[in-house]
Amino acid sequence: MARRWLWSCGWLVVPVFGAAAASACGEGELFGSGTSATAAGGQGGHDTSAGAGGAAGGGAQGGAGGVGPGGTGPGGSAGGGGAAPVTDFFQPGPYEVSSKSGQVAMLGCGFLNKMDYLLFEPEQAEGAPIVVLAHGFERGPDNMAEMAKRMASFGVRVLAPGYCHMSMIDYNPAQNAADELKLVAELGSGAPVIHAGHSAGGLVALLAAEKDSGTVAVLALDAVDKDGLGAAAALKIVRPTLGLDGEPGTCNQNNNGGVQLAKLSPQGWAARVVGATHCDFEGPTDWACTSLCGGEGSKGQRDLIRAMAAAFVAWQAGLDPSGKQWVTVAGSKYQELVSGGALAPL
């Protein structure tokens, strides 16, 4: 998906030397597609010397020499390739997103034996990877709509199931995972799958991922284990597995007593969104969560969770490699967030 950037003197200072410095901007604009660009030289100064050419920032060739009354100056040197741009995942992606609800037949799912779901699709959905985004205990697919829409805006389909065994009278994580796999088989069209989920839904994501040969990655959002099921599954998941946690609290079992489920995966790692509560990982949330689980954090914390989730998904789906910079320890944006105190590696 090609993108084009316009860099002008208002955003990027193109070096201009000698008498050409008298020109405020001249011809020193930089146009590019992707990370390749060519800079034109700065306009020559109004004296007897020739204007110097601008240096190309990341482009394949140098800029042309500036033209002044004193003649044409030398061209700029060729650029060295430049760093690839990093997407701002705080903002929605490039695709419009539509959503629809539906049902599939699922034995044991309510009186009608049907499982509800919400499906979020980008405008160019054909062949897109699919993310299954699981809600938490006593919650529903509507509670994951904000995150689902953000993910889908970067080009993935997001399936938010309504699990039938996620309540106080019927809580069965293994059955929820089995139902998820049946749903993916019916609606996933054979596409690669990223299993993701919040709280008890994070446990479902781990259990489903461990059984699904189509799994490409796992995202556990303040995940909560039960009877060691998630820990056992994580040990067998040999796929990139990211855990994002909030602060310890009642509703995340004090971060599972300090056991970060994602890190148990051979390819797992984890971080804490500093100051985030359990409810910040869903959206929209409501009083049922906030009254029991420590309220809400700041809008900035909620925005960061959605940004990092979208970055991980876009990267692992092969749609935006710059997502890696947000979610891996060596990434430039990750390090910036850690340095600023917004994120803490676990």
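What handedness does the link of C109 and C164 have? I checked the torsion first. It is 95° about the S-S bond, and the link of C109 and C164 is right-handed. I note that the model is predicted.

**Entry 1: C109 and C164**

I looked up the sulfur separation. The sulfur atoms of C109 and C164 sit 1.7 Å apart, and the two residues form a disulfide. The cut-off for a disulfide is 2.5 Å between cysteine sulfur atoms. Next I placed the two ends. C109 is in the loop between β6 (97–105) and β7 (114–122), and C164 is in the loop between β9 (157–161) and α2, so the pair ties together parts that are 55 residues apart in sequence. I then looked up burial for C109. Its relative accessible area is 2%, so C109 is buried.

**Entry 2: C251 and C293**

I moved on to C251 and C293. They form a disulfide with sulfur atoms 2.0 Å apart. The torsion about this S-S bond is about -75°, so the disulfide of C251 and C293 is left-handed. The pair links distant parts of the chain. C251 lies in the loop between β12 (241–245) and α5 (253–257). C293 lies in the loop between α6 (287–290) and α7 (299–316), 42 residues apart from C251.

Are these two ends buried or partly exposed? C251 has a relative accessible area of 23%, so I log C251 as partly exposed. C293 has 16% relative accessibility and counts as buried, because the limit for buried is under 20%.

**Entry 3: C279 and C289**

I looked at C279 and C289 next. A disulfide joins them, S to S 2.1 Å. The torsion about the S-S bond is about -105°, so this disulfide is left-handed. C279 is in the loop between β13 (268–273) and α6, while C289 is in helix α6. The two are 10 residues apart. C279 has a relative accessible area of 0% and is buried. C289 has 6% relative accessibility and also counts as buried.

**Entry 4: the pattern**

How many disulfides does the count come to? The count comes to 3 disulfides. I numbered the bonded cysteines along the chain, and the pattern reads 1-2, 3-6, 4-5.

**Entry 5: α2 and α3**

I turned to the helix pair. The axes of helix α2 (residues 173–187) and helix α3 (residues 200–211) come within 8 Å and cross at roughly 55°. That angle makes α2 oblique to α3. The crossing in which α2 passes α3 is right-handed.

Which residues make the contact? From α2 I list P173, A174, N176, A177, E180 and L181. From α3 I list L203, V204, L207, A208 and K211. Then I sorted the contact by class. It has 8 nonpolar, 1 polar and 2 charged residues.

**Entry 6: S167**

Last, I looked up S167. S167 lies in the loop between β9 and α2. C164 is placed in that loop too. Is S167 buried or exposed? Its relative accessible area is 19%, so S167 is buried, the limit being under 20%. What does S167 touch, once residues up to four places away in sequence are not counted? S167 touches F137 and E138.

Terms used
Residues are numbered from 1 along each chain as its sequence is written. This is a predicted model: local features need pLDDT of at least 70, side-chain atom pairs count only at pLDDT 80 or more; totals for chains, interfaces and linings use all residues. Side-chain values use heavy atoms; hydrogens and water are left out. Axes are lines fitted to C-alpha atoms, for helices over the stretch in contact, and angles run from 0 to 180 degrees between N-to-C directions. Helices (H or I, at least four residues) and strands (E, at least two) are DSSP runs, numbered from the N terminus. Angles under 35 degrees count as roughly parallel, over 145 as roughly antiparallel, 65 to 115 as roughly perpendicular and the rest as oblique. A crossing is left-handed if the near helix is turned anticlockwise from the far one by less than a right angle, and right-handed if clockwise. Contact means heavy atoms within 4.5 Å. Ala, Val, Leu, Ile, Met, Phe, Trp, Tyr, Cys and Pro count as nonpolar, Asp, Glu, Lys and Arg as charged, and the others, Gly among them, as polar. Buried means under 20% relative accessible area, exposed over 50%, partly exposed in between (1.4 Å probe, protein chains only).
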